[in-house]
Amino acid sequence: DAAFEKQLFSMNKKGEVSGVVETSFGYHIIQLDDMKSANVDSFEAKKSELLKAAQQQEIDNLFYEKSEQLATLAYENDQALQPAADALGLKIQNTGMFTRAGGVGVAANETVRKAVFTDAVLKEGRNSEVIELAKNHILVVRVNEHQPAKAMSLEEVRPYVEMALKAEKAHQK
């Protein structure tokens, strides 16, 4: 209300109390609790900050758009990654073999390993859903080759058994 604003902005000391002010909402007594400077930075002073914020917003919007496209293409062509890669200009990358317990590169990420070992991805050979590794870092995985877990042969186990026995003897001594 104009009468309220006129009275408020005419006050200039903290703690100052106005007289009765009549507005269309009723009668008011105003107490000024705090004042803040109206210093406003110039456009030139804020220009680079605003430009960076606008560019980041544009990047975020583009990333969101592309991630939605990736999710759609990976779902619609769930038996291959190449159509999604071609449509978005992406490169398909391969990892080495890894287990449920660990791996190297992206396979070191538990979320990736969990996605790979789902029935849809592992047994049915489908693409995973989009996996978010970090802000603005996503991927879709699929299995090229799967080797089921198997018992190790005596020759494969021998070095581990020998190390365990040596460690046990050393501990006893």
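In the largest pocket, the biggest share of the lining, 4 residues, is supplied by α2, where helices (H or I, at least four residues) and strands (E, at least two) are DSSP runs numbered from the N terminus. The model is a predicted one, in which local features need pLDDT of at least 70 and side-chain atom pairs count only at pLDDT 80 or more, while totals for chains, interfaces and linings use all residues. Residues are numbered from 1 along each chain as its sequence is written, and side-chain values use heavy atoms, with hydrogens and water left out.

A pocket is an open set of points on a 1 Å grid over the protein atoms alone, where a 1.4 Å probe fits, with protein on both sides within 12 Å along at least five of seven lines, and its lining residues have an atom within 4 Å of a point. The largest pocket holds about 1300 Å³ of space, a volume being the space filled by probe spheres set on points joined across faces, edges and corners. Of its 38 lining residues, Gln-93, Thr-95, Val-106, Val-141 and Arg-142 lie nearest the centre.

The second largest pocket has about 280 Å³ of space. Among the 15 residues lining this pocket, Tyr-75, Asn-127, Ser-128, Glu-129 and Val-130 are the closest to its centre. Two or more lining residues come from each of α2 and α5 (119–122).

Elsewhere, Tyr-27 lies in strand β2, and this residue counts as exposed because its relative accessibility is 61%, exposed meaning over 50% relative accessible area (1.4 Å probe, protein chains only).

Definitions and conventions. Buried < 20%, exposed > 50% of the residue type's maximum accessible area, 1.4 Å probe, protein only.
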